[in-house]
Amino acid sequence: MNTIKYKILGLCICLLSISNSTIAQKKKAVTTSATSYTIEGNISGLEEGTAVKLIPGGTHSSELPVAETTLKDGKFIFAGKLNEPRYFYITFGKSKGMIPVMAENAKIKVTAAGTVSTDEGQWIKFKDVAVTGSKSHDFYKKETVFKEELDKDYVAYHVGIDELSNKVGKARKEGNKKVLDSLYSTEQWKTFEAAEKAFFTKVEKTTKDVIAKHKATWWGPFFMLTNYSYFTPDQQPMFDQFSEVAKKSYYGKVLEKDLFPVSLVGTSVANFNLKDKDGKAYTAKEIVAGKKYILIDFWASWCGPCRKEIPNLKTAYAEYAGKGFEILSISIDKDEKAWQKALGQENMQWHNLLDDDKVSKSFNVKAIPATYLVDSKGVIIGDNLRGAELEAKLKELLKS
């Protein structure tokens, strides 16, 4: 069953500084001016000494902190300079909780009440979150208020569907077509499917509207980055609508790299080690041993286009596995349980491993589904081959 992913990421360069006048006066306070910012936090409910990090976002990549500190009497402070507004995550503990902030050169205050959950993960939840002093943050909230309505819509059309949904999931896992057909024919499921289709149509429209509304400034590319969890070639034409100013902005350049990744054809694949659903580790060399060609497929449980491609992969595997063809699917899921659930539903008969966030980076994966056809020597000979294109390529390479 589809779920919404609102993945909000961003990037900033933080240069810590203390004004000369402050140093001269030997004070610990940090002053701000029109060319610098401070983010002062006051967080209740968390332990003294809790780690606090300032992490860039909006890049569709895992970023390292640009500044770190700890809570003292529930307070923290970051300071720096920005050329233009940037989106941050302020994370707490071992990234167990976060508060997003659109920073600009101003005096910004962040307040919230934190609660550490009692479950195994000990995640931190926040309430009464308030970010003041940043006009960019206020603008961001105003322009993305439509997401609150979408969240309500999502909850509304799922009311009362859990029992039927569980039955459908069980039938899918067992591959019981007769039961599935029976469940799909019920009025409740038909009503649910119609509501779901209408919901995702609304999601697509509202998302495209906010992006197009800001096509003249950096906000356009930024909203595209923060409203899409992943990109496919289908989104490339959206980039063309942006003004030259928007395209040449920081987020415009980040977006362009995501949408139009550099081809790796002709380069060699480094050996890597990842684990399957049972925790067993496999190296790339082990999987490709004795095979003529291997298709490395990057996907995720929440990626609709990825899962729509799986039947094509099954067709290619059934036809060419006996002729030296292999598939290795690597999920970039952050939620291992969601990945495990998808594996049960899809029943793929080849190796499935979970990414460690390093392998996908080594392939410069910015959009999924992403596929790389590799020969027996470990050289990439084709990329983004799917459906009929993959079939034609394998037929050419593996002629009887």
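Biologist: What should I know about the model and the numbering before we start?

Modeller: This is a predicted model, where local features need pLDDT of at least 70, side-chain atom pairs count only at pLDDT 80 or more, and totals for chains, interfaces and linings use all residues. Residues are numbered from 1 along each chain as its sequence is written, and side-chain values use heavy atoms, with hydrogens and water left out.

Biologist: OK, how many helices and strands does the chain have?

Modeller: There are 15 helices and 15 strands. Those are DSSP runs numbered from the N terminus, with helices being H or I of at least four residues and strands being E of at least two. The C-alpha atoms fill a box of roughly 80 × 50 × 45 Å along the principal axes.

Biologist: And how much of the chain is buried?

Modeller: Buried residues account for 45% of the 400 residues. Buried means under 20% relative accessible area, exposed means over 50%, and partly exposed is in between, with a 1.4 Å probe and protein chains only.

Biologist: Now the aromatics. How many aromatic pairs are there?

Modeller: The count is 33 aromatic pairs. Rings of Phe, Tyr and Trp (its six-membered ring) pair if their centres lie within 6.5 Å; planes under 30 degrees apart count as stacked, over 60 as edge-to-face and the rest as tilted.

Biologist: Why is the pair of tryptophan 219 and phenylalanine 222 edge-to-face?

Modeller: Because their planes are at 85°, with the ring centres 5.8 Å apart. Both sit in helix α7 (residues 219-227), and being three residues apart there puts about one helical turn between them. Tryptophan 219 is buried at 10% relative accessibility, and phenylalanine 222 is buried at 0%.

Biologist: What kind of pair do tyrosine 228 and phenylalanine 231 form?

Modeller: A tilted one, with 5.7 Å centre to centre and 40° between the planes. Tyrosine 228 is buried at 14%, and phenylalanine 231 is buried at 1%.

Biologist: Which residues form an aromatic cluster with Trp219 and Phe222?

Modeller: The cluster includes Tyr87, Tyr89, Phe139, Tyr140 and Tyr250. Arginine 86 lies over the face of tyrosine 250, at 4.0 Å from the ring centre. Lysine 96 likewise lies over a ring face, that of tryptophan 123, at 4.5 Å from the centre. The rule is that NZ of Lys or CZ of Arg is within 6 Å of the ring centre and within 35 degrees of the ring normal.

Biologist: Switching to sheets. What is the strand order in the antiparallel open sheet of four strands?

Modeller: The order is β3-β2-β5-β6. β3 (67-70) and β6 (97-103) are at the edges with a single partner strand each, so one side of each has no neighbour in the sheet. The twist averages 20° from one strand to the next, using lines fitted to C-alpha atoms (for helices, over the stretch in contact) and angles from 0 to 180 degrees between N-to-C directions.

Biologist: How many bridges link β2 and β3?

Modeller: Four bridges, with β2 covering residues 51-56 and the pairing antiparallel. Two strands count as paired if DSSP finds at least two bridges between them. Leucine 54 has alanine 67 in β3 as its bridge partner.

Biologist: And what is the pairing in the sheet β4-β1-β7-β8?

Modeller: That open sheet of four strands has mixed pairing. Its edge strands are β4 (75-80) and β8 (124-132), each pairing on one side only. Strand β1 (residues 37-44) and β4 run antiparallel and are joined by six bridges.

Biologist: Last topic, the core. Which residues have the most contacts inside the largest nonpolar core?

Modeller: Phe298, Phe325, Phe363 and Ile368, in a core of 46 residues. A nonpolar core is a set of buried Ala, Val, Leu, Ile, Met, Phe, Trp, Tyr and Cys residues joined through side-chain atoms within 4.5 Å. A second, separate core has 36 residues, including Met102 and Tyr228.

Biologist: What does phenylalanine 363 touch?

Modeller: Leaving aside neighbours within four places in sequence, phenylalanine 363 is in contact (heavy atoms within 4.5 Å) with residues including Leu264, Phe298 and Tyr372.
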